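I opened this notebook to record what I looked up, one topic at a time. The sequence and the structure come first.

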Amino acid sequence: MSTPPASAAEAAVEIDGLVMRYGDKVAVDGLSLRVERGTITAVLGPNGAGKTTTLETCEGFRKAQAGTVRVLGLDPHRQRQQLLPRIGVMLQAGGAWSGVRAEEMLRHIAALHAHPLPIEPLVERLGLGECGRTPYRRLSGGQQQRLGLAMAVVGRPELCFVDEPTAGMDPAARRTTWELLEELRADGVTIVLTTHYMDEAERLADLVHVIDHGRLIASGSPFELTRSRGSATIRLVVTDPFPPEAPASLQRTLGPTAEVRPLNEQSLLISGDADATTLAKVSAWCEEHNVLPESLTLGQNTLEDVFLQLTGRGLGA
Amino acid sequence: MSQGTFTPAPGAAPLHRQVRAQAAMETKLLLRNGEQLLLAVVIPVLALVGGTLAARRLDLDLAHEPVDVLTPGVLALAVMSTAFTSLAIATGFERRYGLLKRLGASPLPRIGLLLGKVLALLLVQLLQAVVICAVALGLGWRPGGGVLGAVVAVLAALLGTCTFAGLGLALAGALRAEATLAAANLIYLLLMMGGGIVLPRDTYGAAEGPLQLLPSAALGDALRTALWDGRADAVAFLVLLVWAVLGAGLASRLFKWE
C-alpha cells in the first residue's frame with residue numbers, strides 16, 4: 001500500500017477556522033477542533049448546531065468555504081478519492097436502494113472495498129438477519145440505522161464518522177451499538193460521533209467537543225466537563241408555571257455564589273453552590289412564595305446541565 | 001467477535017470489480033421490480049403480439065407485413081422504456097433513499113457509478129432485445145437490411161439510449177421521486193400512443209411531418225429504416241443527436257446527488 005506510515009502525533013482530524021454558509025445563514029462559524037487517533041470523540045450540540053455540516057465537510061461532500069480541514073493528513077475535498085477508501089461513513093438517514101435487502105446492500109458495500117470484514121458475523125452482531133428479504137424502504141428506523149452502521153465499518157476503515165448513530169434505536173440496539181463502537185476503538189479505529197444524547201457522549205467519548213451555533217464552546221473529557229463547573233446541580237420542578245419575577249427573586253435569596261437558570265415555565269436549574277444548605281433555602285423560598293414544588297432534587301452535574309450552563313438552553317431532541 | 005476483528009485494513013477494490021458489482025446490483029434490482037419488468041418486457045411484447053394479430057385481422061394496408069412494421073418500433077419502445085422511464089424512476093428513488101449519497105461516501109468513484117449504470121442499462125436492453133426478437137421471429141418476422149441493417153440498428157439503439165438516458169436523468173433531477181415516477185410513466189404512455197415510436201409516422205395523417213422532431217419518432221424511424229432497407233435515416237439520427245446533446249446538458253445542470 002502506498003499510504004505513508006502515519007506519525008503518532010498526526011491527528012485523525014484537524015479542523016482550523018472552518019466556516020460554512022448556506023445562503024446568508026452561517027452553519028459553521030470559525031470552528032477549530034482536533035480528533036486524536038484511536039479515540040472516540042463526540043461532537044455534541046443541539047439540532048442545527050453545525051454538526052452534520054462539519055462531518056460532511058470532513059467526508060469531502062462539501063468544500064470548506066474558509067479555514068482548513070485535514071482528515072488522516074489529507075484534504076478531504078481535493079484528495080477525496082484517496083481518503084474515501086480509508087474512512088467509514090454512517091449517514092444520518094438513508095443510504096440504500098429502496099428495494100434492496102439489508103444483507104444484500106451490506107455485501108454490495110463490502111464488494112467496493114479491498115479487504116472487507118466477513119459479512120455473516122457482522123450481520124449477526126447487528127441483528128440484521130431479522131431483516132430477511134424485507135426491502136429497505138420497509139425496514140424500521142432502527143434496522144436502517146443498524147444497516148447504516150454495518151456499512152460504515154464493513155470496509156475496515158481507519159476512521160469512522162457516525163452521525164447520530166442511535167437515533168431511533170430501541171435500548172437493546174443502542175447498547176449493541178455502543179459495545180460495537182467500543183470494540184472498534186479497542187482495535188485501533190478512530191471514531192467521530194455526533195450526537196445530541198448526553199448519555200451516549202458520557203458513556204462512549206474520550207473527548208467531547210460541545211458545539212453551538214457553529215462554534216466550539218467547550219472541549220474536554222466528560223469528567224472534566226461535568227466537574228469544572230461545580231459538581232452538582234439542583235433541579236426544581238413546580239406544578240404551576242412560575243410567576244415571571246420568580247427566577248430573579250430566587251437568585252436574590254441564594255446570593256451570588258449560586259446561579260439560577262430557568263429551563264422552562266415550570267422548571268429551573270441551580271448550579272454553583274448547589275448543596276444541602278441551598279436546597280433548604282430553595283425549599284423555604286417556595287413556601288414563602290406559595291410555589292408548590294413537584295420535585296426538588298440535588299444531583300450530580302450531567303453533560304446536559306453543562307450544556308445548559310454553556311448555552312442557556314437545552315439540547316432538545 | 002474477538003479482539004482484532006476490526007483492526008483497520010482499508011482499501012478500495014479494483015475499479016473493474018467495483019463496476020461489475022455495481023452493474024450486477026443495478027441489473028438485479030431492475031429485474032426484481034415488477035413494475036419495471038412490466039415496462040421493460042411485458043408491455044413491448046404485448047404491443048408486438050397484439051398489434052400483429054390485430055393488423056392481420058383488420059387486413060390493414062401497410063407497406064410491409066404487420067410484424068415487419070411493428071418489430072423495429074417495439075424494439076425502439078423497449079429502448080425508451082429502459083433508458084428513459086426505468087432510469088428516471090430508479091434515479092429519483094436512489095436519491096430519495098440516500099443511495100447516491102451513500103455511494104458517494106464509498107470508494108466507488110463517479111465514473112464507476114456511471115459505468116455500472118450504463119452496463120446495467122445495456123444488459124437489460126440486451127435481454128429485452130432477445131425476448132422481443134424471439135417473439136417476432138415466432139410471428140414470422142423477416143428482418144430486411146441484412147448485416148448492415150443490424151449494425152445501423154444497434155448504433156441507433158445506442159444513440160437512442162444516450163438520448164433518453166440524458167432526458168431521464170434530467171427529469172429525475174428536476175422533480176421529486178414520486179413526481180418523477182408519475183411523469184416518466186405518463187410521458188412513456190403518451191409517446192407510445194402518439195409519439196411515432198411503435199407505428200410509422202405515415203399512420204398519423206397530418207401529424208407525420210411535425211412528429212419527426214420527437215426523439216421517440218426519430219428512434220422508431222431509425223430502427224425501421226435500418227431493419228427494412230439496411231440504411232441509416234440521416235434525419236432521424238440528427239434529431240436523436242440534437243436531443244442527446246439537449247438531454248446531456250439538461251441532466252448535468254439539473255442532476256443532484258442528494
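My entries on conventions, a helix pair and aromatic rings follow.

**Conventions.** I note that this is a predicted model, in which local features need pLDDT of at least 70 and side-chain atom pairs count only at pLDDT 80 or more, while totals for chains, interfaces and linings use all residues. Residues are numbered from 1 along each chain as its sequence is written, chains are lettered from A and ligands numbered from 1 in the order in which they are written, and side-chain values use heavy atoms, with hydrogens and water left out.

**Helix pair.** I looked up helix α3 (residues 66–96) of chain B, which packs against helix α7 (residues 177–194) of chain B at an angle of about 170°, the axes being 8 Å apart. The two therefore run roughly antiparallel (angles over 145 degrees count as such).

**Aromatic pairs.** I found 3 aromatic pairs over all chains (ring centres of Phe, Tyr or Trp, its six-membered ring, within 6.5 Å; planes over 60 degrees apart count as edge-to-face, under 30 as stacked and the rest as tilted). One of them, Tyr136(A) with Tyr97(B), is edge-to-face, at 6.3 Å centre to centre and 80° between the planes. Tyr136(A) counts as buried at 1% relative accessibility (buried means under 20% relative accessible area with a 1.4 Å probe, protein chains only), and Tyr97(B) counts as buried at 18%. Phe84(B) and Phe164(B) also form an edge-to-face pair, 6.2 Å centre to centre with 70° between the planes, and both are buried.

Note on methods: Axes are lines fitted to C-alpha atoms, for helices over the stretch in contact, and angles run from 0 to 180 degrees between N-to-C directions. Helices (H or I, at least four residues) and strands (E, at least two) are DSSP runs, numbered from the N terminus. Angles under 35 degrees count as roughly parallel, over 145 as roughly antiparallel, 65 to 115 as roughly perpendicular and the rest as oblique. Buried means under 20% relative accessible area, exposed over 50%, partly exposed in between (1.4 Å probe, protein chains only).
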